[in-house]
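I opened these notes to record what I looked up about how two of the chains meet. The entries follow the order in which I checked things.

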Amino acid sequence: MSKTIELAQHLEKLHINNMYKSDFYWTWDKTDEELDAIFTVADALRDLRERNKSTRIFDSGLGISIFRDNSTRTRFSFASACNLLGLEVQDLDEKKSQIAHGETVRETANMVSFMADVIGIRDDMFIGEGHKYQKTFMDAVKEGYRDGILEQQPTLVNLQCDVDHPTQCMADMLHIIHHFGGVENLKGKKLAMTWAYSPSYGKPLSVPQGVIGLMTRFGMNVVLAHPEGYDVMPEVEDIARKNAAATGGSYQKAATMEEAFADADIVYPKSWAPFAAMEERTKLYQAGDQAGIDALEQKLLAQNAEHKGWTCSEDMMKRTRNGSALYLHCLPADITGLSCPEGEVDNSVFDRYLVPLYKQASYKPYVIAAMILMSKVKDPVSALMAMDAAGKRKLF
Amino acid sequence: MSKTIELAQHLEKLHINNMYKSDFYWTWDKTDEELDAIFTVADALRDLRERNKSTRIFDSGLGISIFRDNSTRTRFSFASACNLLGLEVQDLDEKKSQIAHGETVRETANMVSFMADVIGIRDDMFIGEGHKYQKTFMDAVKEGYRDGILEQQPTLVNLQCDVDHPTQCMADMLHIIHHFGGVENLKGKKLAMTWAYSPSYGKPLSVPQGVIGLMTRFGMNVVLAHPEGYDVMPEVEDIARKNAAATGGSYQKAATMEEAFADADIVYPKSWAPFAAMEERTKLYQAGDQAGIDALEQKLLAQNAEHKGWTCSEDMMKRTRNGSALYLHCLPADITGLSCPEGEVDNSVFDRYLVPLYKQASYKPYVIAAMILMSKVKDPVSALMAMDAAGKRKLF
Amino acid sequence: MSKTIELAQHLEKLHINNMYKSDFYWTWDKTDEELDAIFTVADALRDLRERNKSTRIFDSGLGISIFRDNSTRTRFSFASACNLLGLEVQDLDEKKSQIAHGETVRETANMVSFMADVIGIRDDMFIGEGHKYQKTFMDAVKEGYRDGILEQQPTLVNLQCDVDHPTQCMADMLHIIHHFGGVENLKGKKLAMTWAYSPSYGKPLSVPQGVIGLMTRFGMNVVLAHPEGYDVMPEVEDIARKNAAATGGSYQKAATMEEAFADADIVYPKSWAPFAAMEERTKLYQAGDQAGIDALEQKLLAQNAEHKGWTCSEDMMKRTRNGSALYLHCLPADITGLSCPEGEVDNSVFDRYLVPLYKQASYKPYVIAAMILMSKVKDPVSALMAMDAAGKRKLF
């Protein structure tokens, strides 16, 4: 029996009826079994590909991508996932489009979705804006489908908003699961999600938020640590606490990177922007005050520079369990002595973890493809079985 | 019997032999039966898609798009149409290309067409230039095919030139046909194509020209109205008059928007640039006089502002048949109080017609796909029958 | 028996086992039989396409393109080749990506290659840089494959580096072979690869280098001519000499265009930059000295202008065999009186050779597709046989 058949049999036991035609905004919208389904399908698709089996569920169709922020990894992961399933990517490049000043999101959403099966949106730059844009967009296409404008209802894959970065965190989590040999081995493991110094401009909060919102669900002890002023959204911390209470894990704060790293099994040190500053930035954005945004940027860089001690050095790594915690990063990292004089991580640490880091990233296309498959196919068990049985090869 | 089979049987009765390997420049190049064929195939493709049937006629192949002006709607419509039939879109972005100063259109045309099945071109900015470019391009690939350079003869879909915007007007027309329950119900209906004020820069004349050139062929009474100086190309008005005479409709001019709207069944109020100014603009363009173009732009905006009364207000709509004419727009519209202080249409009018407006736009991908299918497939009746009969699904 | 079957039978006799999973950097890395295999498969793919046979060897998959210099011809050739075989092109646009200052090529290479079957790279701007970048990139993905990061090992098609331009020169060569009716007719033919004046900025050396590195392998007498200071890389001249010695051809230098053209059967006059200047330019580039690069450009243009006599005029063409040598150019050419006042070639000469020039270019997509097929398919003979036998049509 192939691995895919085993996985399909596991999938059959899960309660996943609500996933068909559903959007993927945040991991905490989904039940544990629904997340399990994503991981299961991701592994199955990878197994099928390894055995040169065609994984197309689409004969034709479009995946529309909207990147309101630059992207390489997520762009290629989305394109790969779409291609794996038979969709062609069509990117909405707002610079090349005729989106008039004042054209509503509702109009744009309908105009690009006539043949869209999937919509992937990255909008992570402004607190309170990213998710709102995705929601407005998807409400519009749902209405368009109901009104007979669109022939099919496109579904969303959130490619990063201001709140969560689910394709990243699900890929991270699948990497952890495989690294430790299964979910059952994660109970009691300590994961340290910490801030780290970066000389570059304030990054989105969606990765730390996504990590504490997801990884508190697997029985692990999740610790968040950051300098004063770098809090994450309190709503997400509430979710982390509830998750931990419900699934036998824990969620705690630590005041220092040293404390967070102590005996950690997994560390995820990365930079993000101070929350209050990000809220101020949103107000400046809404007021169209670019000069104000630029001034704020300088202030944020100065504030960052007060916390250069928050770095994943060799000394810091020695504090982790046996000095060899699994080091995670969503990439690209600011690497001390390689990409900048002082950054998030020592070059020697980063270099030692290069292969696992790239493996971590390699799960993203499969996670995205699994999200798409679960929302587009009514009977995913049969779909996997059919792919496994069919003689259709990916490459001659 | 499925709707597709019915439509295929209708198609069988039409004289459409000249469509194979033909280009689509202007609707008035085509016979009534040829236009009927486009509508018929568009409806059939939509029916097949609704029933999750594969509509691929291509196993591989490229649709080349050239947008010499920004575009969202038409770009995504062309991409959707190509994907629906199995073609991949490859966009010729003149900024990223090595098109040398002085490289001939003939050379570019051949160099991008080695595997091109379809060419879609939008070039609408300069009177006397857009169609010329399309013609030069297509003559070159035809010659390339004859000379054995190209393995196949690519065919054109005009995605808007300076004279006509056939994919838009055919989509508009298909929307009208379905709205009124069939071509046979259009006899005697009054359609008002009118200018409307816009605070934005002079728009192409191809939509009003395309509308009077096409919609005079269905027994309707078509009325064109615009302020002094905003005439359309006289050659197209001649065509409108001849069409009307030949098909039992009528073509008339009105001096005011009020007169045009009186008892109209369909209204299409939108902005366009003054003809003489557009000719002057072409001369400045040919002379490379950008400063002159910018100065002209200011003059045009001032000229527009003299006619702010030409707007599709609630009062204006009340003059139409039962106050409830079908409102059309090619989008995006300049909406008073939403996208600008004073524009082409009141927000309340636009908002009331949102669903029909988006439906109007939703026909464009199918119309483009039908144009492609009719020019690439020798026996379109068999193609539709085969798609209907085949078990191949669009999505698992 | 179809032409494809004949070609497959020829392929069967060649020693081509080393081509599977191999990269294509330079033609001189490949044996004569391996080059023969590329030509054979290119011809077979063209024959299959002419007979409306599906040539897809991929059910899904990505061809990643990286153009670090503008491109039309090569971009569309690569896209066409990928499409012909069933791959979707995903372009890495470095401007839209999040490639951080300092992100390693190794990281980028892995991040874009999760589902990449083929990588096409153009990087020809700086002597000593282009090939290095390609090599670093491909070493990284090979390592990524070994380490289990990538599910498949992507292979390279060099779309032009600082040393060779193999897809161009192989297309040129296939054109020559067909023009003269077979490789067996090339023995003793004289080919003149010469510099020609251009008013535009110093062009890469990879075309003349690629030409002398490849065309010395077919028994022809290859002559290189250029003004003083416009030498090509000495390593490539060594290869040309060795090739000639091994295959019965010759490689010689001529001091003037007149001498090179005398009784030539084939002429390839085109501009390139002076070698020493290109080396100086690389140093300025490495030092980030843009002002220095701009100053150098002015100097190079002045240096070019001293050699305006090096032009493919009608008089020059008269010196060739019967005044009617086969004229080659990789396009776009600087054409005297058409694209510039004084350039590489007289308008009347260029115009007379337009059809053969475009045919020359038309081989490139097939050559690229053949390179991909030979590196991705273990048993290319069976693949061709299967395509020939299958009833699957390219277009309905």
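This is a predicted model: local features need pLDDT of at least 70, side-chain atom pairs count only at pLDDT 80 or more; totals for chains, interfaces and linings use all residues.

Entry 1. I then looked up the count of salt bridges between chain C and chain A, which is five. For polar contacts, I found 18 residue pairs between chain C and chain A, both residues at pLDDT 80 or more.

Entry 2. I asked which elements of chain C give two or more residues to the side that touches chain A. They are the strands β1 (62-67) and β2 (88-91) and the helices α4 (105-111) and α16 (380-389) of chain C. α4(C) gives the most, with four residues. I also sorted the residues on this side of chain C by type, and they divide into 15 nonpolar, 12 polar and 14 charged.

Entry 3. I turned to the extent of the interface. I noted 41 residues of chain C in contact with 40 residues of chain A. The two chains bury about 3700 Å² between them, and 55% of that is on carbon and sulfur atoms.

Entry 4. Last, I checked how the two copies are related. Chain C superposes on chain A by a rotation of 120° with 0.0 Å of shift along the axis, at an RMSD of 0.0 Å. That is the relation of a three-fold axis. The copies use different surfaces, as 7% of the contact residues of chain C recur in chain A. I also looked up which residue of chain C comes closest to the rotation axis. E88(C) does, with its C-alpha at 4.5 Å.

Conventions: Residues are numbered from 1 along each chain as its sequence is written. Chains are lettered from A and ligands numbered from 1 in the order in which they are written. Side-chain values use heavy atoms; hydrogens and water are left out. Copies are superposed by least squares on the C-alpha atoms of residues with pLDDT of at least 70 in both. Contact means heavy atoms within 4.5 Å. Buried area is the accessible area (1.4 Å probe) that two parts lose on being put together, summed over both. A salt bridge is a side-chain nitrogen of Lys or Arg within 4 Å of a carboxyl oxygen of Asp or Glu. A polar contact is a pair of N or O atoms within 3.5 Å; within protein, one must be able to donate a hydrogen and the other to accept it, and residues adjacent in sequence count only if both atoms are side-chain atoms. Ala, Val, Leu, Ile, Met, Phe, Trp, Tyr, Cys and Pro count as nonpolar, Asp, Glu, Lys and Arg as charged, and the others, Gly among them, as polar.
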